[in-house]
Amino acid sequence: MRRNLYVGATFVALLVVLGVGSSMLGKRAAIQAATTNVMAPRFEVNPLWPKPLPNHWLMGQTIGVSVDANDHIWVIHRGGSLEPGEQHATTNPPTAQCCAPAPPILEFDEEGNLIGHWGGPGQGYDWPESNHGVTVDYKGNVWIGGNGRGTPPGAAGRGRGGPQVLDESQVAGVQGYFNDAMILKFTQDGKFLMQIGKPGQSKGSNDVDNLRLPAKTFVDKEANEVYVADGYGNHRVIVFDADTGKYKRHWGAYGHKPDDTNMGRYNPNDPPPQQFRNPVHCAELSVDRLLYVCDRVNDRIQVFKPDGTFVKEMFIEKQTLGSGSSWDVAFSKDPQQKYIYLADGENDRVHIMDRQSLEVLTTFGEGGRQPGEFYGVHSIATDSKGNIFTTETYRGQRVQKFVYKGLAPVTKKDQGVVWPKSASK
């Protein structure tokens with residue numbers, strides 16, 4: 001009888017071991033199946049990039065980044081958004097040694113050294129009240145926009161003691177006077193080349209001569225056309241000849257004629273909105289000639305052919321309210337541009353997406369002020385090596401570099417802070 005008990009106990013134990021082993025193998029197989037078949041680019045933040053600015057300079061709301069053919073990184077920021085305590089060196093007499101706003105346009109080399117700087121009002125052009133977006137085109141020219149509302153001519157004052165600089169949430173969706181109705185084109189040393197649109201002259205989303213708080217530009221090498229995400233006041237994409245500024249075409253969501261009717265607040269449970277909400281925040285053309293448009297507050301990317309024909313859309317973090325989830329896109333540097341990197345300034349992360357399916361594969365970043373964290377991640381760009389550069393608005397006020405580490409299996413949806421492994425030992 002005792003032997004039978006031993007045999008029985010052994011049998012039960014074997015069943016338990018086999019059951020646990022089978023379960024573990026099953027889970028391991030499931031994990032392997034879920035991860036090894038899905039690959040995505042992997043990144044690590046470089047906490048030492050860029051190097052400190054000279055002259056006690058600070059960046060304000062940092063609202064544009066672009067990479068040129070020499071892998072120089074171009075940034076645009078709003079010096080007027082700095083707090084008084086950040087500008088003590090500019091008072092008369094100086095309150096303290098530090099600090100002062102850096103020039104609006106900053107050029108960094110690959111090592112993070114500041115190698116160029118310029119920008120601001122000048123002869124022959126209308127500098128924006130509130131800088132927004134920078135693009136270096138295939139010829140090396142530098143394009144900028146603006147989303148400053150300003151004050152109508154004849155009105156008392158010019159906002160709060162000078163040009164009115166509003167943060168993203170204040171500008172989006174507000175009706176009234178729109179000062180920044182133009183985009184500007186410069187050489188890399190700041191020589192003025194062309195202006196499209198005139199301040200305060202916008203007549204709405206079907207005005208072909210003026211813009212209305214344009215967010216970002218992209219220049220198509222094949223057709224030599226500039227696409228404008230237009231933007232904070234209008235509800236459209238508009239296209240001009242990149243040399244002459246001649247109007248070509250424009251469209252709204254789904255390729256519709258844009259409409260400036262106030263749609264009210266975004267509700268994720270409503271049917272898909274038939275018009276873009278403010279702001280239309282990016283327009284980026286891929287190698288296979290598809291235009292990816294950030295409809296920011298509507299939490300979606302819409303894809304078009306260059307003539308405005310609608311192709312498809314995808315909602316990202318559709319329950320996101322406030323400033324929305326779809327802020328800016330950049331493409332991976334493989335020949336097919338297999339991946340999209342989407343800056344999500346409300347959820348403070350970067351989504352890595354499959355460009356064909358528009359499915360989110362994984363994300364990195366988290367809200368915060370340490371390297372690898374974000375506070376209002378606003379704009380995004382990639383260099384020839386596949387590295388990512390991001391800028392932050394609001395009180396983020398910085399540019400960050402994320403070093404490309406190749407493809408790796410996706411093991412988790414949210415990676416959090418992608419801190420360098422060597423620095424964590």
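Student: Which residues line the largest cavity?
Tutor: In this predicted model, the lining of the largest cavity consists of Ile63, Gly64, Val65, His132, Gly133, Val134, Ala215, Lys216, His281, Asp328, His378 and Ser379.

Student: Which strands each supply at least two residues of that lining?
Tutor: They are β3 (61-67), β8 (131-136), β12 (214-220) and β24 (377-382).

Student: How many of the lining residues are nonpolar, polar or charged?
Tutor: The lining of the largest cavity has four nonpolar residues, six polar ones and two charged ones.

Student: How much space lies in the largest cavity?
Tutor: The largest cavity holds about 60 Å³ of space. A search of the whole structure for cavities of 30 Å³ or more finds one.

Student: Changing topic, how many disulfides does the structure hold?
Tutor: There are two disulfides. Counting bonded cysteines along the chain, their pattern is 1-2, 3-4.

Student: Which residue does a disulfide join to Cys282?
Tutor: The partner of Cys282 is Cys294, with an S to S distance of 2.0 Å. The torsion about their S-S bond is about 70°, so this disulfide is right-handed.

Student: Which strands do Cys282 and Cys294 lie in?
Tutor: Cys282 belongs to strand β16 (residues 280-285) and Cys294 to strand β17 (residues 291-295), so the pair ties together parts that are 12 residues apart in sequence.

Student: Are Cys282 and Cys294 buried or exposed?
Tutor: Both Cys282 and Cys294 are buried.

Student: And how far apart are the sulfur atoms of Cys98 and Cys99?
Tutor: The sulfur atoms of Cys98 and Cys99, which form a disulfide, are 1.3 Å apart. Cys98 is partly exposed, at 34% relative accessible area, whereas Cys99 is buried, at 7%.

Key: Residues numbered from 1 in each chain as written. Predicted model: local features only at pLDDT ≥ 70, side-chain atom pairs only at ≥ 80, totals over all residues. Heavy atoms only, no water. Disulfide = S-S within 2.5 Å. Buried < 20%, exposed > 50% of the residue type's maximum accessible area, 1.4 Å probe, protein only. Helix = DSSP H or I, 4+ residues; strand = E, 2+ residues; numbered from the N terminus. 1 Å grid on protein atoms, 1.4 Å probe; cavity = no way out; pocket = protein on both sides within 12 Å on 5 of 7 lines; lining within 4 Å. Points joined across faces, edges and corners; volume = space filled by probe spheres on them. Nonpolar A, V, L, I, M, F, W, Y, C, P; charged D, E, K, R; others polar.
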